[in-house]
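Morning, everyone. I'll take the pockets, then the sheets, then the aromatic pairs. Please keep the model open while I talk.

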Amino acid sequence: MSQTPSLSRPIPLVDLKAQRDTIRDELATAIDGVINRCDFILGEDLMKFEEEFASFCGVPDAIGVANGTDALHLACRAIGIEAGDEVIMPAMTFVATALAVSQAGGRPILVDVREEDALIDPAKVEAAITSRTRAIMPVHLFGQCADMTALSEIAQRHGLRIIEDAAQAHGAHHNSTPAGAIGDIACFSFYPGKNLGAYGDGGAITTRDHDMAQRIRLLRNWGSVKKYHHEEVGLNSRLDTLQAAILRVKLRHLSRWNQARQRIARSFDESLSKISGITRTRYDSGCVYHLYVIRVDRRDDVLARLNRQGIGAGIHYPFAVHELGAYQWLGYQPGDFPVAEGWARSCLSLPIYAELSDDDVERILASVEDALAVQAAQ
Ligand SMILES: *Cc1c(COP(=O)(O)O)cnc(C)c1O
């Protein structure tokens with residue numbers, strides 16, 4: 001093998017320290033500002049971040065909440081999901097998409113994904129609609145928008161709401177509309193490793209519906225309109241002012257970081273198309289590459305070989321939702337969502353982030369080539 005792992009610096013799946021080094025002074029000033037004001041809860045930087053993030057997404061309202069899972073849960077509550085209501089979602093997603101619906105008392109209804117991009121397959125949505133269906137919750141997986149044109153058309157025809165799970169898609173576009181401005185309501189996560197990540201948990205909801213936004217502002221703050229006047233059974237789910245201050249700094253760099261991811265993805269595309277044994281994901285031009293995912297046979301062997309060479313590849317995700325212990329109660333069987341199951345067995349995420357150097361990209365590609373050559377020889 002051409003690599004000498006012990007001499008090469010490991011390349012992690014995501015390198016938040018490298019990112020920090022590029023914004024160190026801005027961060028220090030921002031954090032100091034919050035601590036000087038001591039407005040830790042619902043403070044000035046939260047209000048400003050909400051305005052700036054709303055404008056970034058092209059909507060009038062953004063509401064900062066404690067994490068992406070709460071964002072999805074509150075969005076379900078805001079559109080009126082109640083016990084027994086059904087919400088249609090892809091079988092290939094992070095568990096939080098389903099958790100948010102079940103926490104609101106609803107039932108996740110799974111639909112298979114598309115072979116080429118792991119996004120919810122609009123052609124399979126209509127068959128899943130019943131009299132209890134209230135909403136469709138597409139997931140903009142890997143940083144790429146679901147087929148919102150087809151889904152909006154179906155939603156309109158059946159009187160359903162659309163909740164975007166945009167947790168991986170800060171800055172992504174569908175045609176020319178930003179993620180977060182396409183459905184009735186959209187949810188973002190600022191988990192540290194996301195394209196826009198806090199230094200802890202964080203999330204946001206965006207919407208064009210001002211009344212819904214006001215209701216969420218109340219729900220996230222113990223259901224109170226005014227101190228000690230609790231009008232609804234709300235929750236404590238606010239985005240910390242300190243996290244908002246950090247996110248304001250990072251938001252100023254996000255478009256540049258996303259462009260760097262797009263450039264790296266183009267290099268990956270070009271080189272990986274020449275290596276046999278790889279199925280590349282179809283990504284559109286509005287994608288912000290939260291994850292660069294390929295599919296390979298005997299994935300776990302390939303992953304182990306990459307990891308041994310210091311390449312921090314990962315798996316997103318090893319199980320489809322109906323395969324998880326938590327969702328056996330939905331009553332699905334193995335084989336019900338064959339495309340999602342196939343993705344779970346074969347998907348492999350390569351490191352992708354703005355601070356990767358050209359050398360890093362070359363090393364990742366060489367390691368992938370090596371790993372697959374070993375595979376082919378066996
Ligand atoms: C990260 C993520 C979430 C959950 O966000 P948290 O902030 O971790 O609660 C939900 N859906 C998807 C698709 C995600 O990637």
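**Pockets, sheets and rings**

Let's start with the lining of the largest pocket: its residues divide into 17 nonpolar, 11 polar and 4 charged. The classes are simple: Ala, Val, Leu, Ile, Met, Phe, Trp, Tyr, Cys and Pro count as nonpolar, Asp, Glu, Lys and Arg as charged, and the others, Gly among them, as polar.

A word on the source: this is a predicted model, where local features need pLDDT of at least 70 and side-chain atom pairs count only at pLDDT 80 or more, while totals for chains, interfaces and linings use all residues. Numbering starts from 1 along each chain as its sequence is written, and side-chain values use heavy atoms, with hydrogens and water left out.

How much space lies in the largest pocket? About 590 Å³. Of its 32 lining residues, the closest to the centre are Phe94, Tyr191, Lys194, His290 and Tyr317. A pocket here is an open set of points on a 1 Å grid over the protein atoms alone, where a 1.4 Å probe fits, with protein on both sides within 12 Å along at least five of seven lines; lining residues have an atom within 4 Å of a point. Grid points are joined across faces, edges and corners, and the volume is the space filled by probe spheres set on the points.

Helix 3 (68-78), helix 4 (96-103) and strand 8 (185-189) each give at least two residues to that lining. Helices (H or I, at least four residues) and strands (E, at least two) are DSSP runs, numbered from the N terminus.

The second largest pocket has about 170 Å³. It is lined by 15 residues, and Phe56, Gly171, His173, Ser255 and Asn258 are the closest to its centre. Helix 2 (44-57) and helix 7 (241-272) each supply at least two of the lining residues. Helix 7 has the largest share, 4 residues.

Seven strands form an open, mixed sheet in the order 1-9-8-5-4-2-3. Strands pair if DSSP finds at least two bridges between them. Strand 1 (61-65) and strand 3 (107-111) are the edges, each pairing on one side only. The twist averages 25° from one strand to the next. Strand 4 (133-136) and strand 5 (161-165) run parallel, joined by 2 bridges. Alanine 135 has arginine 161 as its bridge partner in strand 5.

Helix 3 lies across strands 1, 5, 8 and 9, at about 165° to strand 8. Axes are lines fitted to C-alpha atoms, for helices over the stretch in contact, and angles run from 0 to 180 degrees between N-to-C directions.

There is also an open antiparallel sheet of 3 strands, order 12-13-14. Why is one side of strand 12 (279-280) and of strand 14 (347-350) left without a neighbour in the sheet? Both stand at the edges, so each has a single partner strand. Threonine 279 stands opposite arginine 295 in strand 13. Helix 7 packs on this sheet, touching strands 12, 13 and 14 (contact means heavy atoms within 4.5 Å), and its direction makes about 15° with that of strand 13. Helix 9 (338-346) packs there too, touching strands 13 and 14, at about 50° to strand 14.

Last, rings. The structure holds 13 aromatic pairs. One is phenylalanine 49 with phenylalanine 190: edge-to-face, 5.5 Å centre to centre, 80° between the planes. Rings of Phe, Tyr and Trp (its six-membered ring) pair if their centres lie within 6.5 Å; planes under 30 degrees apart count as stacked, over 60 as edge-to-face, the rest as tilted. Phenylalanine 49 sits in helix 2, and phenylalanine 190 in the loop between strand 8 and strand 9 (203-207), 141 residues apart.
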